[in-house]
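Q: Hey, I've just opened this one and I'm new to it. Can you walk me through a few spots?

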There are 4 protein chains.
Amino acid sequence: MEHELDLRQYNVRTDLALEAKELAEVGGAGALQGVRAETVQEEGITITRMSIDNEIGARAIGKMIGQYVTLEVPGLRNQDTVLQDRVATVFAREFEAFLQRLGVGKNANTLIVGLGNWNVTPDALGPLVVENTMVTRHYFELMPDRVAPGYRPVSAVAPGVLGITGIESSEIVQGIVQRTKPDLIIAIDALASKAIERVNTTIQIADTGIHPGSGIGNKRKGLTQQILGVPVIAIGVPTVVYASTIVNSCIELLSEHFKRQTDNAGPIMGMLQSLPENDRLQLVREVLQPVGHDLLVTPKDVDQFIEDIANIIASGLNAALHDAVDSSNVAAYTH
Amino acid sequence: MEHELDLRQYNVRTDLALEAKELAEVGGAGALQGVRAETVQEEGITITRMSIDNEIGARAIGKMIGQYVTLEVPGLRNQDTVLQDRVATVFAREFEAFLQRLGVGKNANTLIVGLGNWNVTPDALGPLVVENTMVTRHYFELMPDRVAPGYRPVSAVAPGVLGITGIESSEIVQGIVQRTKPDLIIAIDALASKAIERVNTTIQIADTGIHPGSGIGNKRKGLTQQILGVPVIAIGVPTVVYASTIVNSCIELLSEHFKRQTDNAGPIMGMLQSLPENDRLQLVREVLQPVGHDLLVTPKDVDQFIEDIANIIASGLNAALHDAVDSSNVAAYTH
Amino acid sequence: MEHELDLRQYNVRTDLALEAKELAEVGGAGALQGVRAETVQEEGITITRMSIDNEIGARAIGKMIGQYVTLEVPGLRNQDTVLQDRVATVFAREFEAFLQRLGVGKNANTLIVGLGNWNVTPDALGPLVVENTMVTRHYFELMPDRVAPGYRPVSAVAPGVLGITGIESSEIVQGIVQRTKPDLIIAIDALASKAIERVNTTIQIADTGIHPGSGIGNKRKGLTQQILGVPVIAIGVPTVVYASTIVNSCIELLSEHFKRQTDNAGPIMGMLQSLPENDRLQLVREVLQPVGHDLLVTPKDVDQFIEDIANIIASGLNAALHDAVDSSNVAAYTH
Amino acid sequence: MEHELDLRQYNVRTDLALEAKELAEVGGAGALQGVRAETVQEEGITITRMSIDNEIGARAIGKMIGQYVTLEVPGLRNQDTVLQDRVATVFAREFEAFLQRLGVGKNANTLIVGLGNWNVTPDALGPLVVENTMVTRHYFELMPDRVAPGYRPVSAVAPGVLGITGIESSEIVQGIVQRTKPDLIIAIDALASKAIERVNTTIQIADTGIHPGSGIGNKRKGLTQQILGVPVIAIGVPTVVYASTIVNSCIELLSEHFKRQTDNAGPIMGMLQSLPENDRLQLVREVLQPVGHDLLVTPKDVDQFIEDIANIIASGLNAALHDAVDSSNVAAYTH
């Protein structure tokens, strides 16, 4: 029971299944039951395909049963456009395979939902992807006979955030889904990570939809198959970190540092080290609370990376969703 | 019959009822049947309250039966923030009176719809107003007992444009209306005017909703009470001009110029002058067509004005919709 | 004499030597003395290399003695990223050849000056190019021994506009030139064209520098070799049109239209046609004057094109200035 | 000696003299020699006027000899426009008094320098202030006889950052100063603070100029009277925090927390607590280093505050610099 609480606390800290797994492995005894994962290295891109198969695995990691694919590309911080093009191509390939594993048909009418807030840079990922995606649904509606082969109907909306609209984004999406009847929803969201080095360098694909409390924007209602009636694939990129997780990671590292330096680490980091991870995190949070309501932080140069990664995702989606868009040169179809 | 065609052509040229009326008066014999109008001057602001009472008036002007209020403020081009505050206050007062004349109750649940495209400056008016409006609906939903008196539930969405979303904005709004059940819709749209001097200096309020083909964005479906089931008030600001209307206005002015200079203007402007207005316009359009698909033009410094006028409208709406927001200092509630 | 006045008037209307030449040819008897030009077509790109050799040519066209290269790419309006990459490559090649013809050495210390106003979209071309150019001067200053071969020292500044800074941009550049001693200046400026279809689709390179009154921003002082002491290459893109030139072009076209329809065009377009071109233009301008101080207009979707063309120029400059940047994939070096 | 090193380390952490003083007082024995300070509360605004009178004070705090005025306004995080106007008025009054204390004359030709990078939100403060300042120098240059009384010549430039221009901003300013000969320079810069709660809520005025290493942008050369030959007033606002200072503050707080809970804190926080402050900070930094080159973080919603505070400063400067601008309604003169 207490352990369960522990995991929930972790969830607040990381939206990435990969990070959650790493944390669980550190805390536990290595390999986890009910969780399978394979990792591939590909010219600066680390691809991890992970499956949480049952409740045991879900509980161990604190993430939902489902399929997860993660692309880690530290080099994205260097604004290298050649690498960006390669990541878009790899993302397209992985996403297409993901659709196939889910059994999504070539013609499935697809609605892309860009969650987040235009006006807050690290939360603007979703709207930016929407802006750069190639939409085709209107051609299918207006002149279905004249659409070239190799395309499917794709639409894209950015529902805004509760503080700007006064309406839950999930309600807005429900209304649009009821009218436009898509077969599949792809929801893009900015996430919180445990680690600054993952910010703007990691892309996660998951078939679990978007759940309340995930992402930056404190959603109270989710975007899930249960609510919307159609499968929901979530694409997430960490763009912020909680200040409290930075502090906590640092304390952990300090504690290791001291252990290495002295035989007897016991008295040194004393109570802090002996505290269960989540109690310590709770303590750090309490200590930071007076600072203000919003402890999400982001690297200062987030502006320059958020547009690049939005372009990568939009290019990748264009190639993955339309056979007519060439996977080897996906960037050319994005503005 | 031919005259009717004539008027429709004008409609393509101006979305402003006031301009349509002026055009009709020039073409006709002065005062128009079925159209009533009063004009008030107020420290640099000209307010025209116009009513098109019946089909005769509607036909004469080429605008729908309904109530229209227009604020003309040439001084807005000077970026004078004191004047801007005054315009916001006058707009709030006129809009509140407009709501009363329509019989809209103090507690009517209101949805503000910002039409247009974030990424095209002169078409971004609607989204900018949405961004600056004070929304309250979520407080009424989440904790209805704790909302202070003097507020009504207000929500606000920017549905995007067909080219970005693949969905008609009217369909998106229909979906949202079906889920959130507002009593009133206020739709903000950027308009086309016949005259560059009206760009970013004129605000029109109308109870007729938004009709296909009006505004900048070539809507194919409207936002009207008939479609949405609740009253729709349209707020419009001209932010673009058709190149062909500039040319046509100029030819008219040249023709007057020549008349004044010579006794016998006949031979001089010859056929051009003798052409019915709409034939001449058609001719100008044909001549300009090779130039390209998009002849909407906008003053080069539109960026600087569009944000100011969006703030004026957002501030005015905040004061008009919520009694608790003081009409004398409306700007303070807008970010 | 009167003819001279005529040409000067034209200069106000177009900053493009190519347009000026076309106008002069229409007005005159075909080929012009003292002006040589060759035109090459290359997959959707029209390249015109023009030389005004002497005073006779300069007077005939109303442009300064010098070398001009113009790239016309109507397809740039379609946001085709493959074409954009090709234009960047062609621009790089032409610019490199231009430098060679001028005798600029491989190691010439180069200062790029982006004229114009960040906050007025059609005037933001220069600052956008500066933002996307690869600068290297600081590496040469800080660690000259460690700069890889194939690079030259490049710096880049956006001096702002008089209305924002209170200082002539040419004075700011003079100050910077005096301190940093470049061997060559490349000045980027947004231009006015006679024709909407040239907006954002044409790039002009000239070795004449920037002259007072050219460009959008009403410079009162120029950026020329005479003032700055080093060669100044100007790169210009038309991003605005004068309303009066639209009107004037249209009247001309109407007049031709009527001529074709009737044997005797004389009485029809009467005085208008018989007016010398510049008197007519003057008349149109007078007629339009009451409209307001600023008659520069721009297509409404200028936002979407200005960034593309800035990237093309920045990519092209990076490849042309640094041997180490591969001309075949220049876009990869631009963010 | 060691103490001196200690202070330097602090300087890297905070650009605010007020924070440096608080830190020094905590570390030392209360009131500091050579440092005078008075604090005034004014409806949500805390004003601290501080003077570092001699080397002893400078060494104790780790800041230069000089005058410092700090405005702390926690309420600025609430986007309250009424409060914003009040802060602008108070800032104007304090800045005017500051000018008088320095003996700057009413007609002193003033150059405002907005340091920082347009494209990185938390570093864009300086350029945003430049954009919103009322410049008048060109009127004095072009038509000195026609400038109304109550104005002085003011110019404003944003020199950009080394990574974009390839030129040190101080070199660009030197060039401009040599040409335009101002009597006073006001330099605006974004700063780093020790505490997230100070971000975007604190304004510091200092007569010490800008020094290498201060601000966000890693300047290598300063903007000082010694370099530029005229007095340089620096206006700074913290917009970022170092991740390491967050961690360090947190460890300190944790340590206090444990002390309160147990009689014998000694063994618990052990070595960490016993470490000298700067050694601990150094340790934290080492631990965080692998994360990446850039550990400056900023609250995720920085976009929304940076424009507000830039407007406050621009409005305040307009009122303080020109008698003709009414200090009671300064916002009206800013766009």
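This is a predicted model: local features need pLDDT of at least 70, side-chain atom pairs count only at pLDDT 80 or more; totals for chains, interfaces and linings use all residues.

Q: OK, and what sits over the ring of C:F305?
A: That's the charged end of C:R77, 5.0 Å from the ring's centre.

Q: Switching to ring pairs: how many aromatic pairs are there over all chains?
A: A search of the whole structure turns up six. One of them is A:W118 with B:W118, a tilted pair with 5.3 Å from centre to centre and 45° between the planes.

Q: Where do A:W118 and B:W118 sit in their chains?
A: The pair crosses between chains. A:W118 is in the loop between β4 (110-114) and α5 (125-132) of chain A, and B:W118 is in the loop between β4 (110-114) and α5 (125-132) of chain B.

Q: What about C:W118 and D:W118, how are they arranged?
A: They form a tilted aromatic pair, 5.3 Å centre to centre with 45° between the planes. This pair crosses between chains too, from C:W118 in the loop between β4 (110-114) and α5 (125-132) of chain C to D:W118 in the loop between β4 (110-114) and α5 (125-132) of chain D. C:W118 is partly exposed at 25% relative accessible area, and D:W118 is partly exposed at 25%.

Q: New topic. Where is A:T48?
A: It's in strand β2 (residues 45-52) of chain A.

Q: Why does A:T48 count as buried?
A: Because its relative accessible area is 4%, and buried means under 20%.

Q: Which side chain does the A:T48 side chain make a polar contact with?
A: The side chain of A:T39, at 3.5 Å. Leaving aside neighbours within four places in sequence, A:T48 is in contact with several residues, including A:L18, A:A37, A:Y68 and A:E72.

Q: Now the helix α4 in chain D: how far apart are its end C-alpha atoms?
A: They're 31 Å apart. The helix has 22 residues (81-102), and at 1.5 Å a residue it should span 32 Å, so the two values agree.

Q: What happens at the start of α4(D)?
A: A side-chain oxygen of D:D80 reaches to within 2.9 Å of the backbone nitrogen of D:V82.

Q: And which residue follows the helix α4(D)?
A: D:G103, whose phi is positive, near 75°.

Q: Which residues in α4(D) are buried?
A: Among them are D:L83, D:V87, D:F91, D:F95 and D:F98.

Q: Why is C:E43 called exposed?
A: Because its relative accessibility is 59%, and exposed means over 50%.

Q: And C:K181, where does it lie?
A: In the loop between α8 (169-180) and β6 (184-193) of chain C. C:K181 has a positive phi of about 50° although it is not a glycine, and at 57% relative accessibility C:K181 counts as exposed.

Conventions:
Residues are numbered from 1 along each chain as its sequence is written. Chains are lettered from A and ligands numbered from 1 in the order in which they are written. Side-chain values use heavy atoms; hydrogens and water are left out. Buried means under 20% relative accessible area, exposed over 50%, partly exposed in between (1.4 Å probe, protein chains only). Helices (H or I, at least four residues) and strands (E, at least two) are DSSP runs, numbered from the N terminus. A polar contact is a pair of N or O atoms within 3.5 Å; within protein, one must be able to donate a hydrogen and the other to accept it, and residues adjacent in sequence count only if both atoms are side-chain atoms. Contact means heavy atoms within 4.5 Å. The expected span of a helix is 1.5 Å times one less than its number of residues. Rings of Phe, Tyr and Trp (its six-membered ring) pair if their centres lie within 6.5 Å; planes under 30 degrees apart count as stacked, over 60 as edge-to-face and the rest as tilted. A charge sits over a ring if NZ of Lys or CZ of Arg is within 6 Å of the ring centre and within 35 degrees of the ring normal.
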